[in-house]
Amino acid sequence: MNMKVFLSHSTKDKEFVQKLAQQLQAVGIEPWLCEVDVSLGDDFVEAIERGLREADVTVLIWSPDAAASPWTGKEWRSVLAREVKESRTRLGLLLLREATIPELLRTKHHIDARTNPQQSIQDVVKWLLQLRDMRQFETMGAASFIVGYEPTDFVGRTKYLEHLNTVLVEEKGKFLLWGGPGSGKSTIALKFAWRAQGAFDAVVFQHCGERPVEEISSELAERLGLDLGQLPTEKKITEIKEWLCQRRTLLVLDDIWNSDINALIPGPSHSVASLSILCTSRQRAFPWIKRPRTMEVKAFSEVEAKSLFQMWLGEETVDSFQQELEELAQRVERLPIAVAVAAEMLSRKFGPMGVEAKGLEMELLKNEIHDVPSLFQKAINSQDEQEQSLLQAMAICHPEGCWLVLAADIAVLSPTECGQVRDQLIQSSLLQIVDQNRQQFRLHALLREQIRRSLSIQELNWKRVAILKEMFSNWETQWKKCKECFLEIIPALEFLLEEGQKDSMARLANQGFLSAYRVGEWLLALRILEIEEHMWQGIGGEDSKLNIQRSYVNQAGILQAWGQLEAAMALLKKQEVLCAELGNKDSLQRSYGNQAVILKTWGQPEAAMALLKKQEALCAELGNKNSLQTSFGSQAVILKAWGQLEAAMALLKKQEALCEELGNKNSLQRSYGDQALILWAWGQLEAAMVLLKKQEALCEELGNKNSLQGSYSTQAGIFRAWGQLEAAMALLKKQEALCEELGNKDSLQTSFGTQAGIFRAWGQLEVAMALLKKQEALCEELGNKSSLGYCYWQWGLLAKKMDDVGEAKEKVEAALALFTDLMMPRERDALKKELEYLSGES
């Protein structure tokens with residue numbers, strides 16, 4: 001069989017491509033490349049299209065030049081569409097030089113030529129010869145071919161067919177395809193049996209199912225034409241094995257439910273050198289098949305799902321309603337059997353296609369061949385009572401993933417029972433692993449929906465809510481457990497609202513927010529607050545206003561940490577108005593305190609201090625010691641910036657005493673951090689480090705990532721002062737990672753500035769300058785004048801070291817102006833001296 005190969009490439013890579021073409025010609029493969037096969041005067045576009053059309057396979061030579069070439073992009077997309085449509089390998093990728101590989105090409109067979117181009121040419125030749133042999137087998141027939149129908153609505157899945165050819169045609173032995181209900185295991189096995197028949201003397205496809213091996217062996221003997229009469233099952237199995245081993249045989253044991261099917265598989269006492277056995281099952285493993293010889297069958301890719309819709313509905317319809325059909329495929333998680341049934345059902349519906357696709361009900365997903373709901377129900381019914389109880393508990397939890405401990409509590413399973421049930425469900429491909437270490441699992445959307453149809457949802461929801469309420473009521477000590485259940489909070493709030501449990505809803509929402517915020521899950525914390533606000537807006541009344549203003553202040557805290565200060569201030573002003581309307585002095589003082597922090601960041605310390613004094617007065621009037629200690633801490637920060645360190649330390653000591661009295665560990669760690677900064681300014685570095693280590697320990701105990709990154713930053717500064725720059729940089733990198741995780745831009749810019757100082761000390765001036773530019777951009781985005789002043793100060797020092805006195809003066813002057821406006825005398829006076837020195841230099 002002659003094979004034609006289209007070599008898709010950039011002309012800038014033609015030297016390598018020509019070498020590859022020569023090697024292909026040497027083994028009888030006909031290469032097509034534009035430099036040779038497009039004659040002078042030919043229609044270039046038509047010639048390429050003809051080359052692609054006539055080629056059996058396309059090899060894409062990938063490089064930065066190929067990635068930048070529109071023609072190359074058109075070529076590989078055209079071939080990929082054809083490959084999926086025909087369910088035949090049409091495209092391979094050779095990575096010649098480093099370049100980003102498009103998402104659609106990541107799953108393609110690829111050969112890496114970056115380090116050894118010559119070896120890669122041999123690898124391409126070997127791969128193409130394997131494909132040629134596969135194609136030859138398809139044109140030949142097996143002497144004994146005992147297989148059912150050949151799948152006609154088959155698309156894609158080329159990686160499975162290719163791999164099966166490698167392990168069962170080129171090699172021998174046993175192989176397992178496993179996957180959940182409807183994943184297409186049987187269809188792939190059936191297609192492979194048809195395509196590989198030319199490589200075998202006999203191809204036998206035997207469906208197993210839930211039946212015992214006695215029944216299966218009797219049926220198989222009859223299909224093989226063995227007249228075994230009333231022989232005992234053991235004798236029948238021996239005869240079957242002898243028949244299989246007498247010829248080059250491919251045996252497909254499809255849909256295995258019971259491990260006793262192993263009795264049918266010839267063992268060491270038989271001559272199995274010419275026997276290949278393909279098993280398909282929902283079971284992930286069997287003791288008689290080694291783990292490396294197993295492969296999970298996964299959902300369709302987007303391209304495969306689209307191709308199947310095109311097969312049933314036509315390309316024009318699919319292009320016109322692409323979004324609706326993609327959404328339908330996503331609803332069924334691109335499960336092959338579900339996509340196939342949905343596509344066939346839609347082909348028999350004559351309403352507006354967009355409406356039909358959106359309105360297709362999952363419980364009616366069935367046709368003359370497949371019944372998807374029944375398929376899942378059969379899988380559910382096959383499990384024992386405890387397994388079904390855990391499935392039901394999982395089905396009422398969040399669809400993206402559920403903490404197994406929560407599901408076990410809902411199902412009333414002990415830890416030991418839960419572990420055994422979990423393993424059985426995973427082995428049966430009914431439970432999907434989200435995060436094994438965290439014990440997070442999920443159900444397929446269609447399995448979840450099938451379970452929920454037969455459940456008493458309300459009863460199980462009350463169980464879930466009761467467990468969550470108990471857990472989150474102790475969130476400060478059980479924050480690690482709470483962290484695993486954050487996704488359950490919003491559906492639990494919605495359930496409580498439906499049941500008219502407003503007080504419980506408000507309490508759970510607040511506890512969910514506080515715990516999510518504490519451990520750095522700020523996006524989720526904000527989502528909880530927004531959902532809660534929306535709920536209270538719909539309820540109305542004075543209670544609603546009280547809860548809405550509380551939501552405003554909490555939302556503002558998150559926006560503030562993200563650097564969205566204008567949006568945060570707008571919410572705090574709305575809160576202030578509601579507090580005045582309700583006469584709520586306690587919430588009003590909180591609003592003052594949060595507004596003060598923003599004003600300080602904006603470089604308005606006097607206005608900030610005025611609000612903090614109003615907060616202090618209200619706290620004293622109300623006897624609110626907790627908010628009072630917060631106010632003391634905020635005032636101390638401003639006094640420190642003004643250089644009034646003794647007054648600042650006095651307030652921090654007051655804050656520390658109140659925190660210890662109240663048992664408020666979170667505010668206590670903040671006080672330790674602020675005190676450490678003052679001790680550092682006084683030169684008491686050892687004492688400062690002691691406090692920072694106390695702060696770090698509390699942050700780790702509380703799961704407070706935001707304060708932990710701040711502690712790392714200050715510790716890094718002290719290590720830097722001690723000359724331990726490597727230790728300082730290690731902490732700054734930990735801080736940077738936490739800031740990026742949290743989205744904390746303000747602390748991130750501080751980290752960049754400190755890192756720049758270390759790189760400056762190491763003489764890596766360009767790296768330092770790049771970091772200062774990052775810091776400048778963040779400070780300008782946030783409106784953080786004080787940090788911008790420190791950035792320009794360090795920038796000036798760096799420019800001076802790089803012998804650019806003009807830029808050094810410019811940046812020092814900018815820093816001086818900022819610190820003068822901010823009333824920071826220590827920094828102002830130091831910069832004046834620096835500017836005098838630079839003026840003398842110039």
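## Charge over a ring: Lys811 and Trp795

The charged end of Lys811 sits over the ring of Trp795, 4.2 Å from the ring centre. The criterion puts NZ of Lys or CZ of Arg within 6 Å of the ring centre and within 35 degrees of the ring normal. Arg247 is placed likewise over the ring of Trp243, with its charged end 4.0 Å from the centre. This is a predicted model: local features need pLDDT of at least 70, side-chain atom pairs count only at pLDDT 80 or more, and totals for chains, interfaces and linings use all residues. Residues are numbered from 1 along each chain as its sequence is written, and side-chain values use heavy atoms, with hydrogens and water left out.

Trp795 also pairs with Tyr792. The two rings are tilted, 6.2 Å centre to centre with 50 degrees between the planes. Rings of Phe, Tyr and Trp (its six-membered ring) pair if their centres lie within 6.5 Å; planes under 30 degrees apart are stacked, over 60 edge-to-face, the rest tilted. Tyr792 and Trp795 are 3 residues apart in helix 38 (residues 785–801), so about one helical turn separates them. Helices (H or I, at least four residues) and strands (E, at least two) are DSSP runs, numbered from the N terminus. Trp795 is buried at 5% relative accessible area, and Tyr792 is buried at 9%. Buried means under 20%, exposed over 50%, partly exposed in between (1.4 Å probe, protein chains only).

## Other aromatic pairs

The count comes to 12 aromatic pairs. One of them joins Phe719 and Trp722: centres 5.9 Å apart, planes at 80 degrees, so edge-to-face. Phe719 is buried at 17%, whereas Trp722 is partly exposed at 34%. Phe513, Tyr517 and Trp522 form one aromatic cluster.

Which backbone oxygen lies 2.6 Å from a polar atom of the Trp479 side chain? That of Glu701. A polar contact is a pair of N or O atoms within 3.5 Å; within protein, one must be able to donate a hydrogen and the other to accept it, and residues adjacent in sequence count only if both atoms are side-chain atoms. Trp479 lies in helix 22 (residues 479–483) and is buried at 12%. Its C-alpha is 7.5 Å from that of Leu702, 223 residues apart along the chain.

Arg293 lies in the loop between strand 10 (275–281) and strand 11 (294–296). A polar atom of the Arg293 side chain is 3.0 Å from the backbone oxygen of Val167.

## Helix 16

Helix 16 (residues 372–381) buries Val372, Pro373, Leu375, Phe376, Ala379 and Ile380. These fall within an arc of 160 degrees seen down the axis, so they line one face of the helix. The arc is that of the directions from the helix axis to the C-beta atoms. The buried residues pack against helix 14 (336–347), helix 17 (385–395) and helix 20 (445–453). Contact means heavy atoms within 4.5 Å.

## Salt bridges

The whole structure holds 35 salt bridges, each a side-chain nitrogen of Lys or Arg within 4 Å of a carboxyl oxygen of Asp or Glu. Lys378 and Glu210 meet at 3.9 Å, N to O. Lys378 lies in helix 16 and Glu210 in the loop between strand 8 (202–209) and helix 9 (213–223), so the pair ties together parts 168 residues apart in sequence.

Lys545 and Glu581 form another, with the closest N and O atoms 2.4 Å apart. Lys545 is in helix 26 (residues 542–561) and Glu581 in helix 27 (residues 565–582), so this pair ties together parts 36 residues apart in sequence. Lys12, Asp13, Asp65 and Arg97 are linked in a network of salt bridges.
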